[in-house]
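Here is a briefing for a first look at this structure. Keep the sequence and the model open while reading.

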Amino acid sequence: MTTTAQAERPALRKNPPGAARGPRRRTGRIRRVGLPYLLLLPALFLELLVHLVPMVIGIVMSFKELTQFYIRDWGAAPWSALDNYKVSVDFDAPVGEALLHSFLVTIAFTLLSVGLCWLIGTAAAVFMQDAFRGRGLLRALFLVPYALPVYAAVITWVFMFQHDNGLVNHVLHDQLGLTDKPSFWLIGDNSFIALLTVSVWKGWPFAFLIVMAGLQNIPGELYEAAALDGAGVWQQIRRITLPSLRPVNQVLVLVLFLWTFNDFNTPFVLFGRTAPEAADLISVHIYQASFVTWNFGTGSAMSVLLLLFLLLVTGGYLALTSRGRRKAS
């Protein structure tokens, strides 16, 4: 038996050293590569369930003549092909004309809100860069509008905009005497100003937070060298701060644009189910077309058109910013 065992040992040694380890290494590599995707499966499933499935259903509904008569069984609603889209983009008809007006109001509101949020947030972040007593407390106070729940914050503004006993009219009319009489802020043309005020008050702390984080990555030696060269504060902001913040601002502006353009909670809580004509944002307009007039087919078509517009704007914006980065590099 000893002779047999000794004869078998050289045969075992003839095998290459990594022959037995090859399958094990491949199995371990597959596990390492596949484990992240396995961990992402629950999130992908929930994303599919919460976002993608309703999106597909909404697209299907946009091709149906879905009214209140088919709510119980919406699958039985007759197909209307592109009729809902034709009605939505027919700007000579009442439905298309109202949608176009709402779209233009939303564009103006979004541009003003995003611009003011970025301007105020950037100015506050730059101001907070220098150390002074109470800076931490002031930073925390700046973030209060962003930390408050939307409904609690907007309802507070509703009381402040009241005609008879609101704080806004009390300050502007009674205390400062800037107006001849108390103004109606939640109806008429002033509703646009009220909506813009609430949106900027609620959104600028997010811009402040993002810009303040971006400023932490700018070396202080750049400002010291610029100061030694005789550059003033505005020159330092123009030549150092803004160019260094360009990647941060590109993402910030896009996120603020998408959030503001799709904002539904602020106008709905501020004005109710029917917004004034001057503050008729497209999100509330689509809600009214779907749940007030009970024409879910037309409302779904408007939602799909809104989705296509946002995809087009996002794609164009990303293409322009990426081209600018390539030219700069």
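This is a predicted model: local features need pLDDT of at least 70, side-chain atom pairs count only at pLDDT 80 or more; totals for chains, interfaces and linings use all residues.

Residues are numbered from 1 along each chain as its sequence is written, and side-chain values use heavy atoms, with hydrogens and water left out.

**Whole chain**

- The chain has 15 helices and 0 strands. Helices (H or I, at least four residues) and strands (E, at least two) are DSSP runs, numbered from the N terminus.
- Of the 329 residues in the chain, 33% are buried. Buried means under 20% relative accessible area, exposed means over 50%, and partly exposed lies in between (1.4 Å probe, protein chains only).
- Take the contacts in the chain with a separation of 6 or more: 64% of them join residues 24 or more positions apart. Contact means heavy atoms within 4.5 Å.

**Helix H4 against helix H12**

- Two packed helices are described by the angle between their axes and the distance between the axes.
- The axes of H4 (residues 94-127) and H12 (residues 246-261) come within 9 Å and cross at roughly 140°. That makes H4 oblique to H12.
- Axes are lines fitted to C-alpha atoms, for helices over the stretch in contact, and angles run from 0 to 180 degrees between N-to-C directions. Angles under 35 degrees count as roughly parallel, over 145 as roughly antiparallel, 65 to 115 as roughly perpendicular and the rest as oblique.
- The crossing of H4 past H12 is right-handed. A crossing is right-handed if the near helix is turned clockwise from the far one by less than a right angle, and left-handed if anticlockwise.
- On the H4 side, the contact residues include Phe 103, Ile 107, Phe 109, Ser 113 and Trp 118. On the H12 side, they include Asn 249, Leu 252, Leu 256, Thr 260 and Phe 261.
- The residues of this contact divide into 11 nonpolar, 5 polar and no charged. Ala, Val, Leu, Ile, Met, Phe, Trp, Tyr, Cys and Pro count as nonpolar, Asp, Glu, Lys and Arg as charged, and the others, Gly among them, as polar.

**Nonpolar cores**

- A nonpolar core is a set of buried Ala, Val, Leu, Ile, Met, Phe, Trp, Tyr and Cys residues joined through side-chain atoms within 4.5 Å.
- The largest core has 42 residues. Phe 161, Leu 195, Phe 208, Leu 256, Leu 270 and Phe 271 have the most contacts inside it.
- Two or more residues of this core come from each of H4, H7 (150-160), H9 (190-215), H12 and H13 (265-271). H9 gives the largest share, 13 residues.
- Apart from neighbours within four places in sequence, Leu 270 touches Val 154, Val 158, Leu 186, Ala 194, Leu 195 and Val 198.
- A second, separate core has 9 residues, among them Leu 99, Phe 257, Leu 306 and Leu 310.

**Buried residues**

The contacts below leave aside neighbours within four places in sequence.

- Leu 196 lies in H9 and is buried, at 13% relative accessible area. Its contacts are Phe 109, Leu 112, Ser 113 and Leu 116.
- Thr 260 sits in H12 and is buried, at 8% relative accessibility. Its contacts are Phe 109, Thr 110, Ser 113, Val 114 and Ser 199.
- Ala 125 belongs to H4 and is buried, at 0% relative accessible area. Its contacts are Phe 208, Val 211, Met 212 and Leu 215. Ala 125 and Leu 209 are 84 residues apart in sequence and 7.5 Å apart in space, C-alpha to C-alpha.
- H14 is mostly covered, with 9 of its 11 residues buried. Among them are Ile 282, His 285, Tyr 287 and Gln 288.

**Positive phi in loops**

- Most residues other than glycine have a negative phi.
- Ala 81 has a positive phi, near 55°. Its loop runs between H2 (21-61) and H3 (83-89). Ala 81 is partly exposed, at 46% relative accessibility.
- Trp 294 also has a positive phi, near 60°. Its loop runs between H14 (282-292) and H15 (296-328). Trp 294 is partly exposed, at 40% relative accessible area.
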